[in-house]
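These are my notebook entries on a structure I looked up. I record each item in the order in which I consulted it.

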Amino acid sequence: MSFQPLRITARLAGAFVAADPWSPMLDAVLGYQELRERLGPRFFEQDPHRDGLIETELPLERRGSGENWYWACSGPQYRELGQFLRRWHKRFDDALALDYADAGKLSRINNASGRYKNWRVPLLCRLAEEITWHAVGDAAEVRRLLLGVTHLGKKASQGMGQVLGWTVEPADVDGSEALAGIVTRPLPWAGSEQPPEGAYLGYVAIRPPYWWHPHRRLCSLPGSKIC
Amino acid sequence: MKTRCVRLDGTIELLAPLSHIGETISTTAYLNEEPVIQPDGTVETVFVYNGNALRGQLRDCAAKYLLDHLGGIRVPLPAFHLLFSGGSIGGAQVVDLEQARAYRRLLPAVSLFGGGVGNQILPGKLRVGNSYPIVRQTARLVPARYWTDPLPDYGGWTAEKSFTRTDDAKDERLRDRCLAALGEPERKKDGPPAQMRYTVEFLCAGARLYTHLVALDVSEIELGCLVTAFEELARFPYLGGQARMGHGRCRIAYEWTDLTAGGAGTPFLSVDDRADLSPPAAEAKDAYDRFLSSLYQAYLAEHETELTELLTGTK
């Protein structure tokens, strides 16, 4: 594999769902694809808590040292055209239960709380035309993995974050960690806990899976000045 | 097990007005509309039929087909909730790999739509897209092969319709049939109103919507399960609310693209008053039917099968 600075762009159909402005991280998306390919049908049966974490092998450059390594890939950069709330619903199908459920000794079902509770859940949707990431990696392999990525962010099962197309192109500069002096991804922080002016620190994960607690480090956060 | 990724693209043609409520203000229910990006970067608001709504309907249809073809069995509430609503997570902090595999192997509907079992989430393989009207405002989202020439404007595609619910107890002609008139106690003043006028906003009949879904790494049997969901939908081809008044009747047609093998889209199935299946769709359905048949035979032969244990919650 030959690594070079890349600019990767996803053209979106509509809104995507992300709870914070640093999601979706592209190395996590690539990792999902790599594991799907490697594990085949077993992919959907895996549970890291039970089976242990499977490290991904991505066509991106590894940076950092020791346990503080991470992939050379920035967080998402996009121009947000707006936000809106969408609500999804989950309800106990009482009409169908008359024909298909055996309630045993239960004479009534509580759908206000408990396991059969009905849900109306808000989603924060972000409207953007496209999302761009900067990375250092192998363009051909990144392009191949991204071919199978049809959605980004949460609630892909409901059609959110639909991707219309991908562009992977060489970039003039390496923006995987910082661009114009501003941090573009969480970077492990080795300095004092008192950040200098313009730097923002926080405990976040540095590599996928980003929800995996052992990956959290004190980091210089995206948006900080390089110090 | 051979699996593949399949993409279905198609259209929903409304044969009756469609109600899909976004918000209700007073006695008026408004259509679900969301902002979409225009080619020039501006934003306009149009109707969207949420992917989760179609997904929920397909999940119900797949579950009905499954249970009807297992001899019309009635399942305990947890299994019913899993099949029809996706279940819920809770209970002991135990992750049982064998149980998860058993669910995937024996219940392709759960494998396809996903669900919560015990303390585990079984991720689904289906991604049901939002459906948008094929209009000028959604040209960026809808593949050009579904466009009409010229593309219509969204303005004027919606209409409001008012309905009256009459309190027949106040109808003098029916008064002698009403117990209240014969001395029964009057209804409480703070009880629900028996007479009202309400308004619903609809997407007009004749509208065409673009619909698509993606099935990731599905086996032939799981694809067949999806086909049966559409076949079940064809028995009552209505989307959205107010179906009791005939609203939401539709005609659906899908093309399919095998993303694993590549190639262009070819007709897959259509849903009208009946389902028309292309040869690949029919083959997938046959594979699923054979699977269900063998499952049913096993169920009849031995009531303590793995399936029974799973469905009755004893496993």
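**Helix crossing in chain A**

I worked from a predicted model. I first looked up helix H1 (residues 26-39) of chain A and helix H4 (residues 139-146) of chain A, whose axes come within 9 Å and cross at roughly 75°. Angles of 65 to 115 degrees count as roughly perpendicular, and H1(A) and H4(A) are therefore roughly perpendicular to each other.

I then listed the residues at this crossing. H1(A) contributes A:Leu26, A:Leu30, A:Gln33, A:Glu34 and A:Glu37, and these meet A:Val142, A:Arg144, A:Leu145 and A:Leu146 of H4(A). By class, I noted five nonpolar, one polar and three charged residues in the contact of H1(A) with H4(A).

**Cysteines**

How many disulfides are there over all chains? I found a count of zero. I examined A:Cys73 and recorded that the closest cysteine sulfur, in A:Cys219, is 15 Å from the sulfur of A:Cys73, which is too far for a bond; a disulfide requires the two sulfur atoms to be within 2.5 Å. I also checked the exposure of both residues. A:Cys73 is buried, at a relative accessible area of 0%, and A:Cys219 is likewise buried, at 0% relative accessibility.

**Chain B overall**

Of the 315 residues in chain B, 51% are buried. I recorded an accessible surface of about 14,400 Å² for chain B, with 51% of that surface belonging to carbon and sulfur atoms. Lastly, I looked up the contacts in chain B with a separation of 6 or more: 72% of them are between residues 24 or more positions apart.

Definitions and conventions: Residues are numbered from 1 along each chain as its sequence is written. Chains are lettered from A and ligands numbered from 1 in the order in which they are written. This is a predicted model: local features need pLDDT of at least 70, side-chain atom pairs count only at pLDDT 80 or more; totals for chains, interfaces and linings use all residues. Side-chain values use heavy atoms; hydrogens and water are left out. Buried means under 20% relative accessible area, exposed over 50%, partly exposed in between (1.4 Å probe, protein chains only). Axes are lines fitted to C-alpha atoms, for helices over the stretch in contact, and angles run from 0 to 180 degrees between N-to-C directions. Helices (H or I, at least four residues) and strands (E, at least two) are DSSP runs, numbered from the N terminus. Angles under 35 degrees count as roughly parallel, over 145 as roughly antiparallel, 65 to 115 as roughly perpendicular and the rest as oblique. Contact means heavy atoms within 4.5 Å. Ala, Val, Leu, Ile, Met, Phe, Trp, Tyr, Cys and Pro count as nonpolar, Asp, Glu, Lys and Arg as charged, and the others, Gly among them, as polar. Accessible areas come from the Shrake-Rupley method with a 1.4 Å probe; for residues, only the protein chains shown count as cover.
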